[in-house]
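Please work through each task before reading its solution.

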Amino acid sequence: MNNPLESARQQLANIQTILKIDPNIFERLLYPDRMIEVAVPVKMDDGTTKIFIGYRCQHNNARGPYKGGIRFHPGVTREEVMALSMWMTWKTAVVDIPLGGGKGGVIVDVKQLSQRELEALSRSYMQAIFPLVGKNQDVPAPDVSTDARIMGYMLDEYESLLGERAPGVITGKPLSIGGSLGRGYATAQGAFYILERAAEKLHLGKEASVLIQGFGNGGGHLARMLHKAGYKVVAIADSKTTVYRSEGLDVVEVDEHKRMTGDLKTCEGCEKLPIDAVLSLPADILVPAALENAIHAGNADTVQAKLIVEIANGPTTPEAEEMLLKKGITVVPDILANAGGVAVSYFEQVQNAMNYSWTEAEVNVKLKEKMETAFEAVWGEKERYTTSVRMGAYALAVRRVAQAMQDRGRM
Ligand code: NAD
């Protein structure tokens, strides 16, 4: 299996051949500023204490405090967290918000925990990383298998340790304690704006057909938005099944079914296929919204879509992308396509700092403007260097980060 850190470093090395930033800055960007491993003890319901292993990686803060989500997943590794933190540095730079890149994770299968144990794990992890985080230091947020409720526990733990209110330390919080309207679905909303702009460039109309891998926060919200906007969502996959209907799924029904039963296996009126089938079905647009390395050298040849919009972080390995580009497939990279989440996280921090909240409409107008400005800037770089959309996004991001490093004399 591809090592995501190798992919992330390879992508940076690829853009360096075009950009040729100061070699000392390039060298420094290959490594995070800080990576810590923490023990996360949890008193389990049976009275035993179990130790989970957690990480927090701070890649770069030249443009602002480290920023990035916390993932609870059995597959979390040191390298994965390092790669994800590096991608966060580029993502915050692509959408031009004054934040850097960080990421956290705990090796845990949340499905094995009771509600009480999950809360205890969230609090224990925050205790472990407490010295590193702060609204001007490092600002966590949700990622895979973490959500607003967990951010609420972590904020409460942080503020109890600090002895004062500090809502800006964490984003993706519940609304009642300083969350932003629109944050819950912001990643998908941002991806929707980007998908529309990319589809326009490729002359794909609103009737375009779409495949979505992953039916969680990112993929689930996007499926509903696309369906509502008139796109034909023909396949959706979760971690157990792909459901397919060539005339288009009724996403509202699929969603209802998933909510009621917890999976897609018994969903009526559609074909049930193996999970990876979603990647190679005939359709115009493919949205990987699950985990990294979904599209790799072993399956890239089977992709039939004309456009890939990456909601997941790192779903396409560098070798796979080369194969896709040779086939004329356009890949809109994660660091642009899924940046809506961090953009609204930044808006959440701004509202916390003002002690004032915007309406949902105000948040979405600001998000649309951020995403469309970033898309045009990235497309401009792609044309300027006659390269892929990913390298266009890297050119923009790495140049911005390198400029901040240089201006700070970090060379
Ligand atoms: P989530 O836990 O809410 O959902 C993940 C979904 O993927 C679930 O439906 C799960 O069943 C499915 N899945 C897991 N393995 C699968 C497989 N092999 N095949 C098909 N489906 C599979 O997570 P999320 O928050 O939606 O995050 C998904 C991806 O998007 C991650 O890579 C994450 O880093 C990225 N992302 C999320 C956000 C956010 O705000 N949530 C922001 C930026 C990037």
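**Exercise 1.** How many residues of domain 1 are in contact with how many residues of domain 2?

*Solution.* The model is a predicted one, in which local features need pLDDT of at least 70 and side-chain atom pairs count only at pLDDT 80 or more, while totals for chains, interfaces and linings use all residues. Residues are numbered from 1 along each chain as its sequence is written, and side-chain values use heavy atoms, with hydrogens and water left out.

Step 1. Domain 1 spans 32-167 and domain 2 spans 186-334; such bounds come from an automatic or database domain assignment.

Step 2. Contact means heavy atoms within 4.5 Å. By this rule, 9 residues of domain 1 touch 5 residues of domain 2.

Step 3. The two domains bury about 580 Å² between them, 49% of it on carbon and sulfur atoms. Buried area here is the accessible area (1.4 Å probe) that two parts lose on being put together, summed over both. R71, W87 and K91 supply 55% of the area that domain 1 buries against domain 2, more than any other three residues.

**Exercise 2.** Identify the salt bridge between the domains, and describe the side of domain 1 that touches domain 2.

*Solution.* Step 1. A salt bridge requires a side-chain nitrogen of Lys or Arg within 4 Å of a carboxyl oxygen of Asp or Glu. Between domain 1 and domain 2 the count is 1. R71 and E292 form a salt bridge through their side chains, at 3.0 Å from N to O.

Step 1. The elements giving two or more residues to this side of domain 1 are β3 (66-73) and α3 (78-94). Helices (H or I, at least four residues) and strands (E, at least two) are DSSP runs, numbered from the N terminus. The most comes from α3, with 4 residues.

**Exercise 3.** Which residues come nearest to the ligand?

*Solution.* Step 1. Of the 22 residues around the ligand (a heavy atom within 4 Å), the nearest are R71, D143, T187, G218 and N313.

Step 1. A polar side-chain atom of R71 is 2.8 Å from a ligand oxygen atom. For A290, a backbone N or O atom lies 3.1 Å from an oxygen atom of the ligand.

Key:
Nonpolar A, V, L, I, M, F, W, Y, C, P; charged D, E, K, R; others polar. Polar contact = N/O pair within 3.5 Å; in protein donor to acceptor, adjacent residues only side chain to side chain.
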